[in-house]
Structures are given as C-alpha cells and as structure tokens.
Amino acid sequence: QSCLSRQQLLAAIRQMQQLLKGQETRFSEGLRAVRSRLSTIHASLAKAAPEPPAASCPALQAPADGRKFGSKYLVDHEVHFACDPGFQLLGSSTRMCQANGSWTGQEPRCAEISQCSSSPCQNGGTCLEGLGHFKCLCPPQWTGTTCQYQAQSAPPAWSVTDEAAFSRQPRCAQTAQSQQCSCDPGFHMSGTAPDGICQDLNECEVYQQEGGPRLCAHACVNIPGSFRCSCPAGYILLGDGKSCEDIDECSLSQDNCTSGSTCINTGGGFQCVTPQCPPAAGNISYVKTSPFQCERNPCPMESRSCHQAPKTISFHYLPLPSKLQTPAPLFRMATAAAPGRPGPDSLRFGIAGGNNRGHFVVQRSDRHTGELILVQSLQGPRTIHVDVDMAEYLDRAFQAKHLSKITIFVSPYAF
C-alpha cells in the first residue's frame, strides 16, 4: 500500500508538471500577442504624429534697388529690408521665419520716388524726371533751378557793393601807343580804360553759380579781393579755413546743467538730461542703479507680467550730423552671462517703440550681439527716440528682457 501511494504521488507530480508547462506555453503566447499589439499601436501612432517643425525657411533676396539685412534663415530669425536713396519700400520691411517653414509678411519691392511729384518747378516751369534728380524747363521770363527768379532780376555772376573798399582805381601804365590798366587779384575791370574802375569779384556767388568746388563747409563771406568762411554758433573754424568742428561744451564746462542732470554734447550745442525710471505699476517697480540704468525689483514668483517686464532699462544719447550717409550702425546690444551661471543660448532683438521707427532696423551682428542701423537719412534739427529690446532664451524658454531707450539729437548741419 505504501508502494502504491508512492506511485500515485509521482503520477500527481507529473500531472502537475504538465499543467504548469501548458500554462507557461499559454502565457508565452499571450505575451507575444500583447507585444505584437503594442507594436501595431506604436506604428499607427508614429504615422499619425505630425512632422517635426521645419528648422529653416527658404533664402530671401534683396529687392532690386534695395538692400537686405540679416543672413540667418532659422526659425524665429528676422530679415530686414531697405531701399536705396530715391526709392520707397512697398511690402514688408521685416519678415520673420515661422515654425512651419514660411516667412511672415509680404515680399518687399522698391519703387522709384518721383522727384516731380512735389511740383518743385515754380512759375509755370515743366519738371523733367532724372535718375535721383529733376530739372525744370522754365518759361522765357523765368530762370533758376526751380524757375524762382525773373530773368531780368536773376542774381549776377558777381555783385557790386556801394562800400568804397569793394572798388578801387586800376593801376595804369602809359606805353608808346596806348595806356595799359590792370586790377589787383580778386577784382575785375568794369568799363573801359582809362575811365574804368576795379570792382570786387564776389567769389562766393561765382563759385555757387558755376557749380565749382564748395568754398566753405557752412557760410562764405565776401571780403574785398577775396572771401572767408564762417561757422555757425557752437562750431569753430578749422585750420584749413573752410571746415567746421563742433565745440564740446560739456568737456569744456561751458554748459549750465544743474546738479543731478548730465550734460550731453550735441552738434552746435548741448542737452541737459535726467533719465527717470518708469513709475511703479502693480507689482512691477524699478530702482536706479546708475545715472543711466534702472533695474527691476524682484518679482513675486506667481507674477507672469512682472517676469515679462524688462529686467534692466538703460538710457543712451547719440549726437548725429544731418543727412548722415546710410546704412550707418548706431548702437550695439550684447549679453554676458553672470559668473557661474549659464548664459542664454538664443537672443531676439526688436524695435519696441519710438517716434520714428521707420528709419531704423535691428540686425544681429553675431550670436550674442545685435546692432541698431540707420537705413533712412535724417534731416536736422530734430530729436528722435527709439527703443530697442533684447530677449534672452535658454532651451527655447524665455529668461529675461533688457530695454535700451535711445535718444538721437540730429544736428541742423551735415558736419
């Protein structure tokens, strides 16, 4: 009986082993089925997933008779356009590369500005268009570049003044057959010898009418037998006798700026400036850390508007001559990482405000620097304000913004 029980026990063990083996086989088959199903789901999800965004946009070309600023065509990069003198921009002056691989805005083109559209010819003159200039055909009784003078009253090649110093007797010598008379340099003979008189030659008017070289940078003053140049107030005449140089009233302590304000030298004068931080708004407030910089006070952690506000605001003042040749770089913005902290891996520059933004573009000059460039010449005297901001990003996440408030004092003169 004991032997029979042992055989029954062995049979039970074998039956249990077969049962476990069958369950193991079914488990393996089920696991393979689950893996196959997961693989099918993963494949269908991969097909349905959107394609990754484009990394760049097609290259852009400068318009005919214009220029392009910016050579990076990556997502979020900007390209700026400006036209040559005598042309106006139609379309978008700034285009940005979007994540879908297309550019914002419209394709720019440069259209010629009609010089005759302002009707410059007076007194019935006919305007003829030229490349960057115009010419007036005047009626018989009118003359001048814009037909502004009556023919009989047009300024003479030289003028005669009643002052005695501007006329003198000629030097005459008797020869065997006749009398020879001559005038000093800077005078010309009026009338015939021996009754003629030497009258001053007005070099200022002669050179101006004959299209000769410009005698003076500013004003030409006729004097007996010659001329001299003069400069406007706030300038001194240089050693060449024709050029003018600005007097720096600030460095010479010739200003009247009060305590607490700063003297800024400008063409022909000076300005007293006192930059002020913006007033507190909500939980956004600033403290002045230097005469020309404000820094934002710490923000509450939950305040998104405070973190989006400029972290620093700096003030800059630039004197410029009138009609400065363009394009002209005026100002640079750059970033620098604090010691021990990683710097931004991406920057975005833009014009944030001002009273004449169409004259400027912002161009990235290298990875960590942007430049404000004057692309349309400015006629003085005038004061221009332009705000440039620089946003810092790290791993595409916004970090901070810095604002530069730039004031440009344009001189009345081109020197």
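1. Start with H77. This residue sits in the loop between β1 (66-69) and β2 (78-83). The model is predicted. H77 has a relative accessible area of 16%, so it counts as buried; the cut-off for buried is under 20%. Which residues does H77 touch, leaving out those up to four places away in sequence? They are K72, R95, M96, C97, W103 and R364.

2. W103 comes up again among the aromatic pairs. The count of these pairs is seven. In one of them, the ring centres of Y73 and W103 are 6.0 Å apart. Their planes meet at 85°, so the pair is edge-to-face; that label needs an angle over 60 degrees. Y73 lies in the loop between β1 and β2, while W103 lies in the loop between β4 (94-96) and β5 (109-112). The two are 30 residues apart, and the pair links distant parts of the chain. W103 is buried, at a relative accessible area of 11%.

3. Now take F292 and Y317. Their ring centres are 6.0 Å apart and their planes stand at 65°, so this pair is edge-to-face. F292 is in the loop between β21 (286-290) and β22 (293-296). Y317 is in strand β23 (residues 312-320). The pair therefore ties together parts 25 residues apart in sequence. Y317 is buried, with a relative accessible area of 18%. Elsewhere, Y235, Y413 and F415 form one aromatic cluster.

4. Next, the whole protein. It has three helices and 29 strands. Of its 415 residues, 31% are buried. Among contacts with a separation of 6 or more, 42% are between residues 24 or more positions apart. The protein exposes about 25,800 Å², and carbon and sulfur atoms supply 52% of that area.

5. Strands β15 (residues 219-223) and β16 (residues 226-230) run antiparallel and are joined by five bridges. C220 in this pairing stands opposite C229 in β16. The two strands form a hairpin with two residues between them. G225 is in the turn and has a positive phi of about 80°.

6. Disulfides come next. A disulfide is a covalent bond between the sulfur atoms of two cysteines. How many disulfides are there? The count is 11. One joins C231 to C244, with an S to S distance of 2.1 Å. The angle about its S-S bond is -95°, and the link is left-handed. C231 lies in the loop between β16 and β17 (235-237), and C244 in strand β18 (residues 244-246), so the pair ties together parts 13 residues apart in sequence. C244 is buried, at a relative accessible area of 10%.

7. Another disulfide joins C257 to C272, S to S 2.0 Å. This link is left-handed, with -90° about the S-S bond. C257 is in the loop between β18 and β19 (262-266), and C272 is in strand β20 (residues 269-273). The pair therefore ties together parts 15 residues apart in sequence. C257 is buried at 19%, whereas C272 is partly exposed at 36% relative accessibility.

8. Finally, C277 and C294 form a disulfide, with sulfur atoms 2.0 Å apart. The link is left-handed, at -95° about the S-S bond. C277 lies in the loop between β20 and β21, C294 in strand β22. They are 17 residues apart, and the pair links distant parts of the chain. C294 is buried, at 0% relative accessibility.

How values were computed
Residues are numbered from 1 along each chain as its sequence is written. This is a predicted model: local features need pLDDT of at least 70, side-chain atom pairs count only at pLDDT 80 or more; totals for chains, interfaces and linings use all residues. Side-chain values use heavy atoms; hydrogens and water are left out. Helices (H or I, at least four residues) and strands (E, at least two) are DSSP runs, numbered from the N terminus. Buried means under 20% relative accessible area, exposed over 50%, partly exposed in between (1.4 Å probe, protein chains only). Contact means heavy atoms within 4.5 Å. Rings of Phe, Tyr and Trp (its six-membered ring) pair if their centres lie within 6.5 Å; planes under 30 degrees apart count as stacked, over 60 as edge-to-face and the rest as tilted. Accessible areas come from the Shrake-Rupley method with a 1.4 Å probe; for residues, only the protein chains shown count as cover. Two strands pair if DSSP finds at least two bridges between them. A disulfide is a pair of cysteine sulfur atoms within 2.5 Å.
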